[in-house]
Amino acid sequence: MLRTGIALRKPIVGAAVQFGLGASWRDYDFSRDSRDGRRDTRIFADVTATFKDIDYYGFNPTVTLSASSTDSNIGLYDVNRVGLNIGIKSAF
């Protein structure tokens, strides 16, 4: 798996913003769906905003938007995903 990211120096609308990008490859020797096994290629990206101006007992709220696409030699395992996560992160 390869993954890289970058964080912006200046906040946007009071939020620290981070971008991530990556790719992964999986090779299964055995698959019940193919004699040749299974090979998946996945690419993904995400952006996370941490609202550092909002502090509640040492925690900051976060919002993450993520997307991924998996391409497999077996069509059953091809998938595209988009997600929105809302959470908290330690301010320490």
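Y57 is placed in the loop between strand 3 and strand 4, strands being DSSP runs of E with at least two residues, numbered from the N terminus. The phi of Y57 is positive, at about 55 degrees, although Y57 is not a glycine. With a relative accessible area of 70%, Y57 is exposed; exposed means over 50% relative accessible area, buried under 20%, and partly exposed in between (1.4 Å probe, protein chains only). V13 also has a positive phi, of about 50 degrees, without being a glycine. The loop that holds V13 lies between strand 1 and strand 2, and V13 counts as exposed at 78% relative accessibility. Most residues other than glycine have a negative phi.

This is a predicted model, in which local features need pLDDT of at least 70 and side-chain atom pairs count only at pLDDT 80 or more, while totals for chains, interfaces and linings use all residues. Residues are numbered from 1 along each chain as its sequence is written, and side-chain values use heavy atoms, with hydrogens and water left out.

**Overall form**

The protein contains 0 helices and 5 strands, where a helix would be a DSSP run of H or I with at least four residues. Read from the N terminus, the order of elements is β-β-β-β-β. The radius of gyration of the protein is 18 Å, whereas a compact globule of 92 residues would have a value near 12 Å; the radius is taken over C-alpha atoms, and the globule rule is 2.2 Å times the number of residues to the power 0.38. Along the principal axes, the C-alpha atoms fill a box of roughly 55 × 25 × 20 Å. Of the 92 residues, 25% count as buried.

The strands form an open sheet of 5 strands in the order 1-2-3-4-5, with antiparallel pairing. Strand 1 (2-7) and strand 5 stand at the edges with a single partner strand each, so one side of each has no neighbour in the sheet. On average, neighbouring strands of this sheet are turned by 15 degrees against each other, direction ignored. For such angles, axes are lines fitted to C-alpha atoms, and angles run from 0 to 180 degrees between N-to-C directions. Two strands count as paired if DSSP finds at least two bridges between them. Strands of a sheet pair through backbone hydrogen bonds, either parallel or antiparallel.

| Paired strands | Bridges | Example of bridge partners |
|---|---|---|
| Strand 2 and strand 3 | 14 bridges | A23 and I43 |
| Strand 3 and strand 4 | 11 bridges | I43 and S69 |
| Strand 4 and strand 5 | 12 bridges | S68 and R81 |

Strand 3 covers residues 38-51 and strand 4 covers residues 59-72, while strand 5 covers residues 79-90. I43 is bridged to A23 and also to S69 in strand 4. Strand 4 and strand 5 form a hairpin, with 6 residues between them.

**Charged pairs**

A search of the whole structure finds 2 salt bridges, each defined as a side-chain nitrogen of Lys or Arg within 4 Å of a carboxyl oxygen of Asp or Glu. One of them joins D46 to R3, with the closest N and O atoms 3.0 Å apart. This pair links distant parts of the chain, as D46 belongs to strand 3 and R3 to strand 1, 43 residues apart. D46 is buried, at 18% relative accessible area, and the bridge partner of D46 in strand 4 is S66. In another salt bridge, the side chains of D40 and R38 meet at 2.6 Å from N to O. Both D40 and R38 are buried.

**A nonpolar surface patch**

I6, L8, I12, V13 and F19 make a nonpolar surface patch of about 490 Å². Patches consist of residues with over 30% relative accessible area and no salt bridge; nonpolar side chains (Val, Leu, Ile, Met, Phe, Trp, Tyr) are joined within 5 Å, and like charges within 9 Å. The accessible areas come from the Shrake-Rupley method with a 1.4 Å probe, and for residues only the protein chains shown count as cover. F19 lies in strand 2 (residues 15-28) and is partly exposed, with a relative accessible area of 40%. V13, in the loop between strand 1 and strand 2, is exposed at 78%.
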